[in-house]
Amino acid sequence: YSFDREDFVSITTAANGTKKANENKTGYKGIGFKSVFTDSEQVYISTGGYQFKFDKKDPIFQDFDRFYLENHPMIRTEEDKRIFLDMYRDSRMQFDGIRSIPWQLEPIWSDTFPCDLGEDFTSSNVAIALKIGTNKIQGPNGYCAAIEDIIRNPKFMLFLRNTKRIDFNGKSVSKKVKDGVIIIKNSFNADKVECFKREDFEAKISNDIFENFGIDLRITVDKSDEGTGKILEAKFVDLDDQEFENIPKKIAINSSTSISFAVPLDDNGSVMPKLHREEISMFAFLPTLVKDFKFPFFVNANFILDPPRQRILGDNPWNFYLMQEIAKCIVLWSASLNFKKDKNALNVLVSEYFAEDIADTKQLAQHFNISYKNALESESFVLNHKGGLSKLDEIALDLPGFSNFVGPDIFCQIMGTDRCLP
């Protein structure tokens, strides 16, 4: 899709994106357009009839009169100009070029683009070019090496729903979904093909849920639609009504949040829940660097991360809530796989509780462990010999294997138990 008017307005204003209520758009995750300015002072964009640039070095930013007076909608006459200059006399005297202007929010129309971009630049729905410099692109620490390193193991594509293909330096990574199976083809890694199954869960969000979970987090509604009651503006606060500024307000206006699991499949389509020892299993739509929690599959959720977007904040109550929901969803997922007679259904379960003696992750581990224990005890997830699902305390074990000779029903009768065999 091309940019529409709202998209154009959103990238030229601060913290005013068009993706506030849509968790399925990348901008919702805090990976916003403004990140292009991290290493670039010239950005060119062509989309939907718009041709413009953001250019820190453009001469217009060095001239107060040209920047503020040209094309100003409220300045039509010389008298308007005189009044404006009189009103902003001090600002004009103190004007210091680019230091006085947020150039990242000031688009400049471009009738033409640099020849280096080629004729095809304007043929795509959306084309964005950054002028970075050779020294930042090439070399062992340059963008090329970093991008190839990421794409060589493209698990991040599992959770970016609208990303279907990435082409880079003559190679590509593609993703397609067929019969519920995600197929990733990767020419960066000897034309490797991997198949995954993704399971998505919708975790409800409400103050009652937070209270029942024992989490010191609440939603305060600032604005709602009078007709429909739909929440338009809201925020997260603690029990003293102090706002959690690092939890996006965008999350607060939704009634649920998505949690997703992804697991490799074997040749027979059965899940293979076992990752390599050094493989990162926790995602916030892009990989984190969290190694304290090892799951036998990939986990994705709207975690609140530190500023470099690498670690999950260990003292954030929203993350506590997510860890509790993840624990419960794992058991429900195992039940679903067991119901489908998947031979590895129980292997998606976390084999042991997470350590609670590490300061940075102690609270996250505690919230996960409590919820996981409750789910294991309360949910029916073990496939029994009758083809149904049972709770743990409804299962009997036949370690000597007598039921192999007399059958499971007769074995349970002999043992005088109402329990079932797995």
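I began with the term for cover: a residue is buried when its relative accessible area is under 20%, exposed when that area is over 50%, and partly exposed in between, with a 1.4 Å probe and protein chains only. With that term I looked up Arg89, which is partly exposed at a relative accessible area of 44%.

**Entry 1: what I am reading**

I noted that this is a predicted model, in which local features need pLDDT of at least 70 and side-chain atom pairs count only at pLDDT 80 or more, while totals for chains, interfaces and linings use all residues. Residues are numbered from 1 along each chain as its sequence is written, and side-chain values use heavy atoms, with hydrogens and water left out.

**Entry 2: the whole chain**

I looked up the overall extent and found that the C-alpha trace spans about 105 × 55 × 45 Å along its principal axes. The radius of gyration (taken over C-alpha atoms) is compared with a globule rule of 2.2 Å times the number of residues to the power 0.38. For 422 residues a compact globule would come near 22 Å, but the chain has 28 Å.

The secondary structure comes to twelve helices and 15 strands, where helices (H or I, at least four residues) and strands (E, at least two) are DSSP runs numbered from the N terminus. Of the 422 residues, 42% count as buried. The accessible surface of the chain is about 24,500 Å², and 49% of it belongs to carbon and sulfur atoms; such areas come from the Shrake-Rupley method with a 1.4 Å probe, and for residues only the protein chains shown count as cover.

I also looked up contacts, meaning heavy atoms within 4.5 Å. Among those between residues at least 6 apart in sequence, 54% join residues at least 24 apart.

**Entry 3: salt bridges**

How many salt bridges does a search of the whole structure find? It finds 19, a salt bridge being a side-chain nitrogen of Lys or Arg within 4 Å of a carboxyl oxygen of Asp or Glu.

I went back to Arg89, which forms a salt bridge with Asp86, with the closest N and O atoms 2.2 Å apart. Asp86 is partly exposed, with a relative accessible area of 39%.

Next I took Asp96 and Arg99, whose side chains meet in a salt bridge at 3.5 Å, N to O. Asp96 is partly exposed at 39% relative accessibility, whereas Arg99 is exposed at 70%.

A further salt bridge joins Asp200 and Arg161 at 3.7 Å, N to O. This pair links distant parts of the chain, 39 residues apart, with Asp200 in strand S8 (residues 192-204) and Arg161 in the loop between helix H6 (143-151) and strand S5 (165-168). Asp200 is partly exposed at 36% relative accessibility, and Arg161 is partly exposed at 23%.

I also found a network of salt bridges that links Lys53, Asp55 and Asp58.

Leaving aside neighbours within four places in sequence, Ser110 is in contact with Gln51, Phe52 and Lys53. Is Ser110 buried or exposed? Ser110 counts as buried, at 6% relative accessibility.

Ile132 sits in the loop between strand S4 (126-131) and helix H5 (134-137). With neighbours within four places in sequence left aside, Ile132 is in contact with Asp39, Ser40, Ile137 and Tyr143. I also checked Ile132 against Phe210: they are 78 residues apart in sequence and 45 Å apart in space, C-alpha to C-alpha.

**Entry 4: helix H10**

Helix H10 (residues 362-378) has 17 residues and reaches 24 Å from its first C-alpha to its last, close to the 24 Å expected at 1.5 Å a residue. The expected span is 1.5 Å times one less than the number of residues. Buried residues in H10 include Leu364, Phe368, Tyr372 and Leu376, and the buried residues of H10 pack against helix H9 (317-339).

The elements that give two or more residues to the patch are helix H11 (403-406) and helix H12 (408-415), and the largest share, three residues, comes from H12. Ile410 is in helix H12 and counts as partly exposed at 44% relative accessibility.
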